[in-house]
Amino acid sequence: MADKSPKDSGMTSAGDGDGVQDLTAVVQNLLGQMQDKFQTMSDQIVGRIDEMGSRIDELEKNLGDLLAQPENSPIPHPLLFVYLIMQYFVILSTHL
């Protein structure tokens, strides 16, 4: 007859249970850290989107103001398009 060790019989020692609990604690800790990092990143992304939305709103207001200016305004209409494109790229470059 062959002797069965505790490992073969499906029994575990008390030390094995502690190892599983330690591993579980480590995994839970890592998952918690990952969740915190993802939450921080998510908050930063939402903040940047909100800021970009505010800047776009300001740009739209400025565009409306420029279009409402009389023809003898300091910014001639041919340069208006160039000005708006420059503003657009400034907004994009600050959020990349």
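**Figure 1. The salt bridge of the predicted model.** The structure holds one salt bridge, defined as a side-chain nitrogen of Lys or Arg within 4 Å of a carboxyl oxygen of Asp or Glu. The partners are R55 and E51, whose closest N and O atoms are 3.8 Å apart. Both residues belong to helix 1 and are separated by four residues, about one turn of the helix. Helices (H or I, at least four residues) and strands (E, at least two) are DSSP runs, numbered from the N terminus. R55 is partly exposed, with a relative accessible area of 29%, and E51 is likewise partly exposed, at 40%. Residues are termed buried under 20% relative accessible area, exposed over 50%, and partly exposed in between (1.4 Å probe, protein chains only). Side chains of opposite charge can pair when their charged atoms come close.

**Figure 2. A nonpolar surface patch that includes V27.** L23, V27, L31, M34, F38 and M41 make a nonpolar surface patch of about 600 Å². Patches consist of residues with over 30% relative accessible area and no salt bridge; like charges are joined within 9 Å, and nonpolar side chains (Val, Leu, Ile, Met, Phe, Trp, Tyr) within 5 Å. V27 is located in helix 1 (residues 14-68). V27 counts as partly exposed because its relative accessibility is 40%.

**Figure 3. E60 and L84.** E60 is placed in helix 1. With a relative accessible area of 51%, E60 is exposed. The C-alpha atom of E60 is separated by 9.4 Å from that of L84, a residue 24 positions away along the chain.

**Figure 4. F81 and L63.** F81 is part of helix 2 (residues 77-93). F81 counts as exposed, at 59% relative accessibility. Between the C-alpha atoms of F81 and L63, 18 residues apart along the chain, the separation is 9.6 Å.

**Figure 5. Overview of the protein.** The secondary structure comprises two helices and zero strands. Of the 96 residues, 7% count as buried. The accessible surface amounts to about 8,300 Å², with 62% belonging to carbon and sulfur atoms. Accessible areas come from the Shrake-Rupley method with a 1.4 Å probe; for residues, only the protein chains shown count as cover.

**Notes to all figures.** Residues are numbered from 1 along each chain as its sequence is written, and side-chain values use heavy atoms, with hydrogens and water left out. In this predicted model, local features need pLDDT of at least 70 and side-chain atom pairs count only at pLDDT 80 or more, whereas totals for chains, interfaces and linings use all residues.
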